[in-house]
Amino acid sequence: MRLQLITPPTIRPVSVAELKAHCVIDHDLDDNYLQGALDTAREQVEADTGRALVEQTWQLQGSAWPAEIILPKPPLVEVSAITYIDTDGAEQTLDPADYRVIKTTVDARIRPASGKFWPAVQGGHYNAVVVEFVAGYVVAAGAETTGQIPARARQAMLILAYDLVENRELQAPVALHELPAYSRLIAGLQVGLI
C-alpha cells in the first residue's frame, strides 16, 4: 500500500525560543532560519523514526484489501474513514462497525470485525482501498492527546536543528561525521518504516 500525506502538521513541537536557548542565541535576526531548521529537524526525526510527532493526516492507498491493514506513523489518533471502490465502480465508505482498530506503540492494525469480511473491490484501481487516518503525539487544541512527544525526540530535534544552524552549507572542507548523540536518541524510537 502507498502512503500519502494529506494534511501536514500545523503545530510545532519545539519553539524557536527553545532552540535559541539550546544554541545560546540572544538576538532575533535569524528567527526565520531557526524556524526552518526546526521544521527540517522535525521532518528528519519523523523520517528516521517512522513516527508522527505532531498531528497530521495521512492516506494509505492500495489496489486490494490486505489480510490486515497496518497503519504506520504511530501513534494513531483516529481512523477518519475507510473507502473502497465496489464491484460496480462506485466509491463506498466502510461502516466503522465492520472493522476494528488495534493500537500498539509501534503501529495500528485494522482487521474486519468479528464475523465480517472485507467487501469485494473492483480490480484495476490503484486506490481501490483508501484508509484516511490522523497520527501524532500532539493534537490540535481542544482535542484529546495521545501523549507527550518523547523527550528523546524533542532533544534529537534540538541537536539536529543546532547542527543545521552551525553548518549551513552542504559542503565542508573537512570530513563531517554523524551526530552520535542524535543517533542514540532516536534509536529507541524507531519503528518499521514504509
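Helices α1 and α3 cross in a right-handed way; a crossing counts as right-handed if the near helix is turned clockwise from the far one by less than a right angle, and left-handed if anticlockwise. Before we go on, note that this is a predicted model, where local features need pLDDT of at least 70, side-chain atom pairs count only at pLDDT 80 or more, and totals for chains, interfaces and linings use all residues. Residues are numbered from 1 along each chain as its sequence is written, and side-chain values use heavy atoms, with hydrogens and water left out.

**The helix pair.** Helices (H or I, at least four residues) and strands (E, at least two) are DSSP runs, numbered from the N terminus. Helix α1 covers residues 16-23, and its axis lies 10 Å from that of α3, at an angle of about 65 degrees. That makes the two helices roughly perpendicular, a label for angles of 65 to 115 degrees. Here, axes are lines fitted to C-alpha atoms, for helices over the stretch in contact, and angles run from 0 to 180 degrees between N-to-C directions. From α1, the contact (heavy atoms within 4.5 Å) involves E18, L19, H22 and C23; from α3, it involves R154, Q155, L158, I159, A161 and Y162.

Helix α3 spans residues 151-166 and includes A151. Is A151 buried or exposed? It is exposed, with a relative accessible area of 61%; exposed means over 50%, buried under 20% and partly exposed in between, using a 1.4 Å probe and protein chains only.

All seven residues of β2, 56-62, are buried. One side carries Q56, W58, L60 and G62, and the other T57, Q59 and Q61. Two strands pair if DSSP finds at least two bridges between them.

| Strand pair | Bridges | Facing residues |
|---|---|---|
| β1 (residues 2-7) and β2 | five | L3 and L60 |
| β2 and β8 (residues 129-135) | seven | Q59 and E132 |
| β3 and β7 (residues 108-112) | three | L71 and A108 |

**An open sheet.** Which three strands form an open sheet? They are β3, β7 and β6, in the order β3-β7-β6, with antiparallel pairing. Because β3 (69-71) and β6 (99-103) stand at the edges with a single partner strand each, one side of each has no neighbour in the sheet. On average, neighbouring strands of this sheet are turned by 20 degrees against each other, direction ignored.

Definitions and conventions: Angles under 35 degrees count as roughly parallel, over 145 as roughly antiparallel, 65 to 115 as roughly perpendicular and the rest as oblique.
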